[in-house]
Amino acid sequence: MIRIRGLSKSFGAFKALDGLDLDVPEGQVLGLLGPNGAGKTTTVRVLTTLLQPDAGEATVAGHSVLDDPDGVRRSIGLSGQYAAVDEKLTGYENLYMVGRLYGMSRKASAGRASELLDQFRLSEVAGKRAGAYSGGMRRRLDLAGAIVARPPVVVLDEPTTGLDPRGRLDTWEVISSLVSSGTTVLLTTQYLEEADQLADNIAVIDAGRVIAKGTADELKAQVGSERIDVVLANPDHMQAAAALVSSTAGPGARLEINHQTRRISAAAPEGHRMLVRTLTDLQEAGLPVVEASLRRPTLDDVFLQLTGERPDEPAPAPSDPHEPSRKEAINA
Ligand SMILES: Nc1ncnc2c1ncn2[C@@H]1O[C@H](COP(=O)(O)OP(=O)(O)OP(=O)(O)O)[C@@H](O)[C@H]1O
Ligand SMILES: [Mg+2]
């Protein structure tokens, strides 16, 4: 349903997309995982016909973004990274308007708006101006707007960033039910856990290129199943402790050492057993620990493993001038 080949896009001399290839079969969810600036939103904008690529091609439900942008827009629902709702309208009016813009009847638009407000736990504030909504409510309203017309393909750009845990779980549920009704979803995220929950397949992108592809399990297998973290009491013990953790963990531990936070982290294929052994070793060597934990791999770990370095994080812009409002998206 989504096919991307050799997609490239530069802004001046800067290559935001550098020969990207992606496929999403019908009814599946592809998680596009990447750090700030990886090119996720740029991919989404090309795919939704809001941005022209310099090279390569992309098709949605068989429609080319270059040759048949109208066909693409008819097949796709978008929830952009920054919620684009009409602040002057109520939640209900926002969804009703979207239905009407998609050519649905008054009655169908009204029914669909109520149904979605209910599904997204917004019924109580349905009559309030969206300008008075919290960030999470806006996000949910925006997401609801993307699926008003039940498009066969839905593109969600970081749908849960900024949501509270309840909002995140609700959103995951909505996405799962979309998928079970046959919708194809491309979802960008910075959270491995989210991709893990929702995506059939994951593509990790960095600097506008796919650097790894696979299921969540396949990717996690690459970083080792779990990691241990220890924080030392004394900064002077770092070197000795690192050597000890390294020998306990064995080859392939991929140690990470942060002198500032006095934290040492290592891949722990045997999980808790390795944690216990490391703590015992450190204690016997007289290197006190103030904090110790076992954790699942994070996106950072995947990146560390794939690229050998941490993703550098440019400060996020307060608002994105490139992200068009929903109305522009519909009129485009
Ligand atoms: N219109 C533009 N003009 C100039 N540079 C741009 C433009 N749009 C994007 N970029 C740059 O392209 C790169 C990729 O941006 P993009 O928004 O696709 O990243 P992202 O993966 O969505 O990041 P984030 O997780 O922060 O949303 C960034 O370095 C960004 O600054
Ligand atoms: Mg983005």
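Biologist: Which residues coordinate the magnesium ion (ligand 2)?

Modeller: This is a predicted model, where local features need pLDDT of at least 70, side-chain atom pairs count only at pLDDT 80 or more, and totals for chains, interfaces and linings use all residues. Residues are numbered from 1 along each chain, ligands from 1 in the order written, and side-chain values use heavy atoms without hydrogens or water. Donors are N, O and S atoms within 2.8 Å of the metal (3.2 Å for Na, K and Ca); water is not among the atoms, so sites may look incomplete. At 1.9 to 2.1 Å, the magnesium ion is coordinated by Thr-41 (OG1) and Gln-81 (OE1).

Biologist: How many residues apart in sequence are the parts that this pair ties together?

Modeller: Helices (H or I, at least four residues) and strands (E, at least two) are DSSP runs, numbered from the N terminus. Thr-41 sits in helix α1 (residues 40-47), Gln-81 in the loop between β6 (76-79) and α3 (91-101). The pair therefore ties together parts separated by 40 residues.

Biologist: Is Thr-41 buried or exposed?

Modeller: Buried means under 20% relative accessible area, exposed over 50%, partly exposed in between (1.4 Å probe, protein chains only). Thr-41 has 15% relative accessibility, so Thr-41 counts as buried.

Biologist: Which element gives the most to the shell around ligand 1?

Modeller: The shell holds 15 residues (a heavy atom within 4 Å). With three residues, the top contributor is α1.

Biologist: What share of ligand 1 does the protein bury?

Modeller: An oxygen atom of ligand 1 is 2.8 Å from a side-chain N or O atom of Gln-81. Taken alone, ligand 1 exposes 630 Å² (Shrake-Rupley method, 1.4 Å probe). The protein buries 71%.

Key:
Polar contact = N/O pair within 3.5 Å; in protein donor to acceptor, adjacent residues only side chain to side chain.
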